[in-house]
Amino acid sequence: MNILILGSGGREHALCHFIAKSKKVNKIYCIPGNAGTNDLASNVNIDLNNFHKIKQFIINNKVNIVVVGPEKPLVDGIVNYLSSF
């Protein structure tokens with residue numbers, strides 16, 4: 001299973017740390033991630049406000065689950081946007 005974690009703070013690092021322990025996970029990506037997540041996952045430099053590029057990344061990398069850490073993308077509608085495809 002491929003997982004994408006959105007965000008760059010301590011919350012996202014903690015999520016990444018625990019998700020990485022699962023034997024069901026093949027690959028973890030973090031957008032944009034931080035130094036701590038870089039040790040556990042592949043950080044990807046995409047702006048969190050660019051929903052279109054995030055969607056393309058999800059499709060191109062066969063991401064199965066998206067975990068949204070920060071509130072701003074949630075308030076801006078990323079769940080509805082990603083649910084539409």
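Before naming any element, I note that helices (H or I, at least four residues) and strands (E, at least two) are DSSP runs, numbered from the N terminus.

I am working with a predicted model, where local features need pLDDT of at least 70, side-chain atom pairs count only at pLDDT 80 or more, and totals for chains, interfaces and linings use all residues. Residues are numbered from 1 along each chain as its sequence is written, and side-chain values use heavy atoms, with hydrogens and water left out.

**Entry: the sheet**

I began with the strands, where two strands pair if DSSP finds at least two bridges between them. I found an open sheet of four strands in the order β3-β2-β1-β4, with parallel pairing. At the edges sit β3 (42-43) and β4 (65-68), each pairing on one side only. I then checked β2 against β3: they run parallel and are joined by two bridges. Y29 stands opposite S42 in β3.

**Entry: helices on the sheet**

For the packing I used contact in the sense of heavy atoms within 4.5 Å. Axes are lines fitted to C-alpha atoms, for helices over the stretch in contact, and angles run from 0 to 180 degrees between N-to-C directions. I see α1 lying across β1, β2 and β4, at about 165 degrees to β1. I see α3 lying across β1, β2 and β4 too, at about 160 degrees to β1.

**Entry: V66**

I picked V66, which is found in strand β4. Buried means under 20% relative accessible area, exposed over 50%, and partly exposed in between (1.4 Å probe, protein chains only). V66 has 30% relative accessibility, so I put it down as partly exposed. Leaving aside neighbours within four places in sequence, V66 is in contact with L4, L6, I58 and L82. I also took the C-alpha separation of V66 and A20, which is 14 Å for two residues 46 apart along the chain.

**Entry: nonpolar cores**

Next came the cores, each a set of buried Ala, Val, Leu, Ile, Met, Phe, Trp, Tyr and Cys residues joined through side-chain atoms within 4.5 Å. The largest has 14 residues, and L4, L6, I31, I54 and F57 have the most contacts inside it. At least two residues of this core come from each of β1 (2-7), β2 (27-32), α3 (51-60) and α5 (78-83). The most comes from α3, with four residues. Apart from this core lies another, of nine residues, including I5, C16, I19 and I28. I looked at F57 on its own: not counting residues up to four places away in sequence, F57 touches L4, Y29, I31, V44, I46 and V63.

**Entry: T37**

Is T37 buried or exposed? T37 is buried, since its relative accessible area is 0%. T37 lies in helix α2 (residues 35-38), and its side chain reaches the backbone nitrogen of N34 at 2.7 Å. Beyond its neighbours within four places in sequence, I list E12, H13, C16, C30 and N43 as contacts of T37.

**Entry: salt bridges**

A salt bridge here is a side-chain nitrogen of Lys or Arg within 4 Å of a carboxyl oxygen of Asp or Glu. I count two in the structure. One joins E71 to R11, with the closest N and O atoms 3.1 Å apart. This pair links distant parts of the chain, with E71 in helix α4 (residues 71-75) and R11 in helix α1 (residues 10-19), 60 residues apart. E71 is partly exposed at 46%, and R11 is partly exposed at 45%. D76 forms a salt bridge with K72, closest N and O atoms 2.6 Å apart; D76 is partly exposed at 42%.

Methods
A polar contact is a pair of N or O atoms within 3.5 Å; within protein, one must be able to donate a hydrogen and the other to accept it, and residues adjacent in sequence count only if both atoms are side-chain atoms.
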